[in-house]
Amino acid sequence: MVLSLRKLAIMREMKIERMCDMICTNIPKLRGVLKEKGITQRDLAKKLEMNESTVSRKFKHYGYDFTIGEVKKIAQVLDMSHKDAIEIFLSDDSHKCEIH
C-alpha cells in the first residue's frame, strides 16, 4: 500500500489509528460517477493504461491498492472537482470498508 507523507500527516492530525479509516475508497460513489459519465471499468482501465482485471481487482478491494498517481489520473479522467475526489478517495465516512 502506497501512502503519501500528506496522507500520513492527515492521519496523525485526525488521530486515525487504522489506515482503512482513511484510505478506503468509496467504491459505490466512484461507480456512480463512472455511470454518470458513461465510462465503464474497461474504459477507465484503458485511460489508466492498466489491465481491466487489475482495475476490477482494485475496485473489489475497495481501492486499497490505488496509488496516489492512479487516484490523480482517475480524478482527471472523470473531471472531478477537488471536493468530489476527496469525498471519494479520502472520505472519513464509514461506508463499511472491510478487509478481505
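A polar contact here is a pair of N or O atoms within 3.5 Å; within protein, one must be able to donate a hydrogen and the other to accept it, and residues adjacent in sequence count only if both atoms are side-chain atoms. Keep that in hand for the start of helix 3, where a side-chain oxygen of Asn 26 comes to within 3.1 Å of the backbone nitrogen of Lys 29. Helices, by the way, are DSSP runs (H or I, at least four residues; strands would be E, at least two), numbered from the N terminus. What you are looking at is a predicted model, so local features need pLDDT of at least 70 and side-chain atom pairs count only at pLDDT 80 or more, while totals for chains, interfaces and linings use all residues. Residues are numbered from 1 along each chain as its sequence is written, and side-chain values use heavy atoms, with hydrogens and water left out.

Stay with Asn 26 for a moment. Asn 26 sits in the loop between helix 2 (20–23) and helix 3, and its relative accessible area of 11% makes it buried (buried means under 20%, exposed over 50%, partly exposed in between, with a 1.4 Å probe and protein chains only). At the other end, helix 3 is followed by Gly 38, which has a positive phi, near 70°.

Now look along helix 3 itself, residues 27–37. Its buried residues are Ile 27, Leu 30, Val 33 and Leu 34. Seen down the helix axis, they fall within an arc of 120°, so they line one face of helix 3; the arc is that of the directions from the helix axis to the C-beta atoms. Over on the other side of helix 3, Pro 28, Lys 35 and Glu 36 are exposed. The buried residues pack against helix 4, helix 5, helix 6 and helix 7, where contact means heavy atoms within 4.5 Å.

In soluble globular proteins, nonpolar side chains tend to be buried together. A nonpolar core is counted as a set of buried Ala, Val, Leu, Ile, Met, Phe, Trp, Tyr and Cys residues joined through side-chain atoms within 4.5 Å. The largest one here has 20 residues, and those touching the most other members are Leu 30, Leu 44, Phe 59, Ile 74, Leu 78, Met 80 and Phe 89. Helix 3, helix 4, helix 5, helix 6 and helix 7 each supply at least two residues of this core, with helix 3 giving the most, four residues. Take Leu 78: leaving aside residues up to four places away in sequence, Leu 78 touches Leu 30, Val 33, Leu 34, Lys 37 and Ile 39.

Helix 7 has a buried face too. Ala 85, Ile 88 and Phe 89 are its buried residues, and they fall within an arc of 80° seen down the axis, so they line one face of helix 7.

Next, the rings. Two aromatic pairs turn up in a search of the whole structure (rings of Phe, Tyr and Trp, its six-membered ring, pair if their centres lie within 6.5 Å; planes under 30 degrees apart count as stacked, over 60 as edge-to-face and the rest as tilted). Phe 59 and Phe 66 pair edge-to-face, 6.0 Å centre to centre with 85° between the planes. For Phe 66 and Phe 89, the centres are 6.4 Å apart and the planes at 85°, so this pair is edge-to-face. Phe 66 lies in the loop between helix 5 and helix 6 and Phe 89 in helix 7, so the pair ties together parts that are 23 residues apart in sequence.

Finally, the charges. The whole structure holds four salt bridges (a side-chain nitrogen of Lys or Arg within 4 Å of a carboxyl oxygen of Asp or Glu). Arg 42 pairs with Glu 52, the closest N and O atoms being 3.0 Å apart; Arg 42 is in helix 4 (residues 41–48) and Glu 52 in helix 5 (residues 52–60), ten residues apart. Glu 70 and Lys 58 bridge at 2.8 Å between their closest N and O atoms. Glu 70 lies in helix 6 (residues 68–77) and Lys 58 in helix 5, so this pair ties together parts twelve residues apart in sequence. Both Glu 70 and Lys 58 are buried.
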